[in-house]
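Please work through the following exercises with the structure in view.

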Amino acid sequence: MNDMRLLERAVDTQVNKITARKVQVYYGQNHALKDVDVDILDKTVTAFIGPSGCGKSTFLRCLNRMNDTIAVCRVEGRIDLEGEDIYDPRVDPVQLRAKVGMVFQKPNPFPKSIYDNVAYGPKIHGLARKKADLDEIVESSLRKAALWNEVKDRLDAPGTGLSGGQQQRLCIARAIATSPEVLLMDEPCSALDPIATAQVEELIDELRSQFSVVIVTHSMQQAARVSQRTAFFHLGSLVEYGETGQIFTNPKDPRTESYITGRIG
Ligand SMILES: Nc1ncnc2c1ncn2[C@@H]1O[C@H](COP(=O)(O)OP(=O)(O)OP(=O)(O)O)[C@@H](O)[C@H]1O
């Protein structure tokens with residue numbers, strides 16, 4: 001970790017956005033996540049790190065019930081978003097996912113125009129009463145995703161025709177168009193080149209003034225660059241969670257130290 005620059009980045013708030021308690025996840029007989037307790041702070045970037053298969057993506061998917069779509073998956077425990085149990089049967093997962101948006105590893109724009117990619121969510125959630133409102137949401141989302149200047153003259157062009165980095169920023173614009181409270185990102189830069197990665201990382205830093213951002217990453221350098229909080233997972237358990245600077249410079253658990261120094265992983 002010698003080449004990593006750990007910047008002093010203050011956490012602006014101590015307000016919890018998401019509280020997870022005793023979360024267990026099973027895929028059939030496989031007990032993939034064990035007893036995870038975590039508080040995700042508002043207006044903060046939280047990174048989930050750990051070796052392959054340790055359960056980072058599984059836990060991320062618990063936070064907006066994406067695991068509901070996996071037939072063999074069972075989630076136990078409690079996860080609250082602003083004090084409300086997101087697994088309450090009265091919660092509509094589609095509404096939940098508008099509040100807790102997600103960006104995936106591989107950019108996955110819809111086979112639609114750039115405009116329609118961003119307008120889709122606000123339309124289905126009834127967030128715009130008239131076309132002018134929708135235009136405004138599309139423009140502001142593309143601006144927040146740092147893509148507006150590159151696409152403003154070709155909003156009718158297909159989203160799939162953009163470069164990989166632009167497509168990922170389009171997916172971020174799509175996710176933020178419903179004004180989510182939390183943005184989940186599952187290795188959002190793994191398919192991107194270093195320039196596009198830097199742009200997305202810069203964007204993540206800007207987005208945290210408005211949202212709580214949770215990012216799964218295999219890159220410890222990336223976790224150190226973008227996050228204020230880091231959670232280290234190992235073999236289905238949350239081993240250590242704290243301020244990113246502390247996790248990388250002064251880990252308390254020997255497993256965290258082994259991982260960040262490259263001895264496990
Ligand atoms: N859809 C699924 N069906 C069955 N088992 C799954 C599924 N997704 C994940 N698992 C299992 O859950 C465990 C945790 O996997 P998960 O993908 O959450 O780990 P991860 O830390 O995100 O890994 P990676 O860094 O490789 O993406 C693994 O044992 C994996 O095989």
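This is a predicted model: local features need pLDDT of at least 70, side-chain atom pairs count only at pLDDT 80 or more; totals for chains, interfaces and linings use all residues.

**Exercise 1. Helices α6 and α7**

Task: Determine how α6 and α7 pack, and state which residues of α6 meet which residues of α7.

Solution: 

Step 1. Two packed helices are described by the angle between their axes and the distance between the axes. Helix α6 covers residues 164-176 and helix α7 covers residues 194-207; their angle is about 20° and their axes are 9 Å apart.

Step 2. Angles under 35 degrees count as roughly parallel. The angle therefore makes α6 roughly parallel to α7.

Step 3. The handedness is then read off: α6 and α7 cross in a right-handed manner.

Step 4. On the α6 side the contact involves G164, G165, Q168, R169 and I172, and on the α7 side A196, Q199, V200 and L203. Sorted by class, these comprise 4 nonpolar, 4 polar and 1 charged residues.

**Exercise 2. Helices α3 and α6**

Task: Describe the packing of α3 against α6 by angle, distance and handedness, and name the residues that meet.

Solution: 

Step 1. The angle between α3 and α6 is about 30°, and their axes are 7 Å apart.

Step 2. Because angles under 35 degrees count as roughly parallel, α3 and α6 are roughly parallel to each other.

Step 3. The crossing of α3 past α6 is right-handed.

Step 4. From α3, the residues I114, N117, V118, Y120 and G121 meet L170, A173 and R174 of α6. The classes in this contact are 5 nonpolar, 2 polar and 1 charged residues.

**Exercise 3. Helices α3 and α4, and the cover of α3**

Task: At what angle do the axes of α3 and α4 cross, and which residues of α3 are buried?

Solution: 

Step 1. The axes of α3 and α4 cross at roughly 115° and come within 9 Å. The crossing is right-handed.

Step 2. Helix α3 contributes Y115, V118, A119, P122 and K123 to the contact, while α4 contributes L134, I137, V138, S141 and L142. By class there are 8 nonpolar, 1 polar and 1 charged residues.

Step 3. Within α3 (residues 114-124), the buried residues are I114, N117, V118, A119, G121 and P122. Their cover includes α2 (93-99), α4 (131-144), α5 (148-151) and α6.

Step 4. After α3 comes G126, which has a positive phi near 60°.

**Exercise 4. Buried or exposed?**

Task: Decide whether A173 is buried or exposed, and do likewise for V94.

Solution: 

Step 1. The cut-offs are needed here: a residue is buried if 20 or more other C-beta atoms lie within 10 Å of its own, and exposed if 12 or fewer do.

Step 2. A173 lies in helix α6. It has 30 C-beta neighbours inside 10 Å and therefore counts as buried.

Step 3. Apart from neighbours within four places in sequence, A173 is in contact with V118, S141, L142, A145 and L147. The C-alpha atoms of A173 and K123 are separated by 14 Å, with the two residues 50 residues apart along the chain.

Step 4. V94 belongs to helix α2. V94 has 10 C-beta neighbours inside 10 Å, so V94 counts as exposed. Between the C-alpha atoms of V94 and R65, 29 residues apart along the chain, the separation is 9.3 Å.

**Exercise 5. The largest nonpolar core**

Task: How many residues does the largest nonpolar core have, and which residues have the most contacts inside it?

Solution: 

Step 1. The largest nonpolar core has 70 residues, and L183 and V214 have the most contacts inside it. Helix α6 gives the most to this core, with 6 residues.

Step 2. Leaving aside neighbours within four places in sequence, the contacts of L183 are G101, V103, A175, I176, L207, F211 and V213.

Key:
Residues are numbered from 1 along each chain as its sequence is written. Axes are lines fitted to C-alpha atoms, for helices over the stretch in contact, and angles run from 0 to 180 degrees between N-to-C directions. Helices (H or I, at least four residues) and strands (E, at least two) are DSSP runs, numbered from the N terminus. Angles under 35 degrees count as roughly parallel, over 145 as roughly antiparallel, 65 to 115 as roughly perpendicular and the rest as oblique. A crossing is left-handed if the near helix is turned anticlockwise from the far one by less than a right angle, and right-handed if clockwise. Two residues are in contact if their C-beta atoms, placed from the backbone, lie within 7 Å. Ala, Val, Leu, Ile, Met, Phe, Trp, Tyr, Cys and Pro count as nonpolar, Asp, Glu, Lys and Arg as charged, and the others, Gly among them, as polar. A nonpolar core is a set of buried Ala, Val, Leu, Ile, Met, Phe, Trp, Tyr and Cys residues joined through C-beta atoms within 7 Å.
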